Amino acid sequence: MSFPIEFETWLSKSLEEDIPAEVVAFHFNLYESTGQDDVIFGMDLIGAESFDPEDSDWACDEVWAPTERILYIPVSDSGKGWEECLERMSSLIKTYLDSDQPAAQTLKSKAGIGIGFVDGDLNLIWQA
């Protein structure tokens with residue numbers, strides 16, 4: 001299965017779970033290595049109870065995470081550097097948000113969507 005299909009499947013399954021009413025924004029966390037062959041980076045998704053486009057600390061207010069929290073990204077899809085991974089995953093998510101998939105609509109039903117490396121800068125991908 002290609003990574004974009006794996007991403008769509010993981011995201012759809014994740015967003016079919018009960019999401020608490022307190023969730024006002026979503027954030028995709030990126031982080032380095034998992035120790036697996038051909039994997040340097042991983043991704044997870046959280047729901048936050050606050051959103052402020054001027055203060056990236058909103059992504060620290062986690063109140064929800066899906067049962068299957070982690071998605072490992074093959075090097076062939078992430079690239080080898082963190083900047084390349086961030087760019088590729090941002091592009092993948094933006095493309096997904098432009099689709100008519102129910103999970104894309106769920107993501108866009110909230111105030112904002114961010115992406116960034118844990119302990120790094122947050123990039124806002126989408127805002128209502």
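## Salt bridges across the chain

A residue counts as buried when its relative accessible area is under 20%, as exposed when that area is over 50%, and as partly exposed in between. Glu 68 sits at 39% relative accessibility, so it counts as partly exposed. Keep in mind that this is a predicted model.

Glu 68 has a partner: its side chain meets that of Lys 13 in a salt bridge, at 3.3 Å from N to O. This one reaches across the sequence, with Lys 13 in helix H1 (residues 3-15) and Glu 68 in the loop between strand E3 (62-64) and strand E4 (70-74), 55 residues apart. In total, the structure holds four salt bridges.

Another of these joins the side chains of Glu 62 and Arg 69, at 2.9 Å from N to O. Both ends are partly exposed: Glu 62 is at 38% relative accessibility, and Arg 69 has a relative accessible area of 29%.

Glu 84, at 34% relative accessibility, counts as partly exposed, and so does Arg 88, with a relative accessible area of 31%.

The buried residues of H3 are Cys 85, Leu 86, Met 89, Ser 90, Leu 92, Ile 93, Tyr 96 and Leu 97. They cover an arc of only 165 degrees around the axis, so they fall on the same side of H3. Glu 87 and Thr 95, on the other side of H3, are exposed.

## Strand E1 and its neighbours

Strand E1 (residues 25-32) is mostly covered, with seven of its eight residues buried. E1 pairs with strand E2 (residues 39-48) in the antiparallel sense, over eight bridges. With strand E5 (residues 112-117), E1 pairs in the parallel sense, over six bridges.

Ala 25 takes part in both pairings. Its bridge partner in E2 is Ala 48, while in E5 the bridge partner of Ala 25 is Gly 112.

The structure holds seven aromatic pairs. In one of them, the rings of Phe 7 and Phe 28 have their centres 6.3 Å apart and their planes at 40 degrees, so the pair is tilted. Phe 7 belongs to helix H1 and Phe 28 to strand E1, so this pair ties together parts 21 residues apart in sequence. Phe 7 is buried, at 0% relative accessibility, and Phe 28 is buried too, at 0%.

Phe 26 and Trp 64 make an edge-to-face aromatic pair, 6.0 Å centre to centre with 80 degrees between the planes. Here Phe 26 lies in strand E1 and Trp 64 in strand E3, so the parts tied together are 38 residues apart in sequence. Phe 26 is buried, with a relative accessible area of 0%, and Trp 64 counts as buried at 6% relative accessibility.

Finally, Phe 7, Trp 10, Phe 28 and Tyr 96 form one aromatic cluster. Tyr 96 is also among the buried residues of H3.

Conventions: Residues numbered from 1 in each chain as written. Predicted model: local features only at pLDDT ≥ 70, side-chain atom pairs only at ≥ 80, totals over all residues. Heavy atoms only, no water. Buried < 20%, exposed > 50% of the residue type's maximum accessible area, 1.4 Å probe, protein only. Helix = DSSP H or I, 4+ residues; strand = E, 2+ residues; numbered from the N terminus. Pairing = 2+ DSSP bridges. Arc of directions from axis to C-beta. Phe/Tyr/Trp six-rings, centres within 6.5 Å; stacked < 30°, edge-to-face > 60°.
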